[in-house]
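My entries follow in the order in which I looked things up.

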Amino acid sequence: MNLSEKRAKDRQKQKWELILEIQEAYKKGKRISRLAREYELNWRTVQKYIRMTSPPSASRVRRRPTDKYQSLIQRLETEGKTVKEIYQCLQEQGYAGTYSAVRTVVETLRKKRNLRFSEEEAVRFSRRQVSAYLWRPAAELTAEEVGLLRKIFQLYPAIEPLYQLVQEYRRVIQARDYDGFLKWLTAQLSSRDQPFYQYARRLRSDLQAVKHGLLLSYSNGLLEGQINRLKMIKRMTYGRAHLHLLEKRVLYRL
């Protein structure tokens, strides 16, 4: 299972857990309109979730009219038939799709054959994957992901030094190594050509807060939690209540 399939499976699991939670709340008497507000979903979506009896599919398969005739198209193309001749043969077999759809399939087959290139041989990775690999430590990567990361370094050598910088930054933050952080920051501020020069400037502008975050054990998590609760209550009562009700809900936790 590759990374994208694993993430799709995780998203499917999280979505099913959300659906079960909504169904349980509905059984306890909560109305669809209230559930839609609480979960920030359209009421039709909530209604669909309530009716579901099995987990949603991890992927949506979009079938094309030519899928049914894929093997026939491939055989006719191998025999040297033109697109027009293939299209006529498919119509005789009951094909009701367009001529352009057949042409697209035939051109794809020819391109793969001429370039001797297949999807199985291709190494594919997205920018999102590369970003994830650069941030995560090597110990958390699977053998397949490590191999793909090495392939990325081979294809794009400039990424490897960037990877080392990111990993060093991650190490000093996790270890709360303020001296190591200063060395990393100084190196990035040494030249405008450094990849994290602008980011380092922003860190330097609030260096005292960064220092306290690394050296002190205190946290503003409680404050941020209260701010998040206040914003949630505001969204729930927006346009339906005045300031005095908002104040009471915050103070009395209603």
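Entry 1, Y169. Leaving aside neighbours within four places in sequence, I find Y169 in contact with W135, F181, W184, Y199 and L203, where contact means heavy atoms within 4.5 Å. Y169 lies in helix 9, and I note that helices here are DSSP runs (H or I, at least four residues), numbered from the N terminus, while strands are E runs of at least two. With a relative accessible area of 13%, Y169 is buried; the cut-offs are under 20% for buried, over 50% for exposed and partly exposed in between, with a 1.4 Å probe and protein chains only. I also looked up the pair Y169 and G180, which are 11 residues apart along the chain and have their C-alpha atoms separated by 8.6 Å.

On provenance, I record that this is a predicted model, in which local features need pLDDT of at least 70 and side-chain atom pairs count only at pLDDT 80 or more, whereas totals for chains, interfaces and linings use all residues. Residues are numbered from 1 along each chain as its sequence is written, and side-chain values use heavy atoms, with hydrogens and water left out.

Entry 2, helix 9 with helix 10. Two packed helices are described by the angle between their axes and the distance between the axes. For helix 9 (residues 159–174) and helix 10 (residues 178–189), the axes come within 9 Å and cross at roughly 150 degrees; axes are lines fitted to C-alpha atoms, for helices over the stretch in contact, and angles run from 0 to 180 degrees between N-to-C directions. Helix 9 and helix 10 are therefore roughly antiparallel to each other, given that angles over 145 degrees count as roughly antiparallel, under 35 as roughly parallel, 65 to 115 as roughly perpendicular and the rest as oblique. The crossing of these two helices is left-handed, meaning that the near helix is turned anticlockwise from the far one by less than a right angle, with clockwise giving right-handed. From helix 9 the contact takes L165, E168, Y169, V172 and I173, and from helix 10 it takes G180, F181, W184 and Q188. By class I note 6 nonpolar, 2 polar and 1 charged residues in this contact, where Ala, Val, Leu, Ile, Met, Phe, Trp, Tyr, Cys and Pro count as nonpolar, Asp, Glu, Lys and Arg as charged, and the others, Gly among them, as polar.

What does the largest nonpolar core hold, and which of its residues touch the most other members? It has 13 residues, and Y69, I73, I86, L90, Y95, V102 and V106 touch the most other members; a nonpolar core is a set of buried Ala, Val, Leu, Ile, Met, Phe, Trp, Tyr and Cys residues joined through side-chain atoms within 4.5 Å. Helix 4 (70–78), helix 5 (83–92) and helix 6 (99–115) are the elements that give two or more residues to this core. Leaving aside neighbours within four places in sequence, Y69 is in contact with L90, Q93, G94 and Y95. I also find a second, separate core of 11 residues, which includes I19, A25, I32 and M52. A25 is found in helix 1 (residues 3–27) and counts as buried at 12% relative accessibility. Not counting residues up to four places away in sequence, A25 touches K30 and L35.

Most residues other than glycine have a negative phi. I noted E40, which has a positive phi of about 55 degrees although it is not a glycine; E40 lies in the loop between helix 2 (32–39) and helix 3 (43–51) and is exposed, with a relative accessible area of 60%. Phi of R176 is near 55 degrees, again a positive value in a residue other than glycine. R176 lies in the loop between helix 9 and helix 10, and at 46% relative accessibility it counts as partly exposed.
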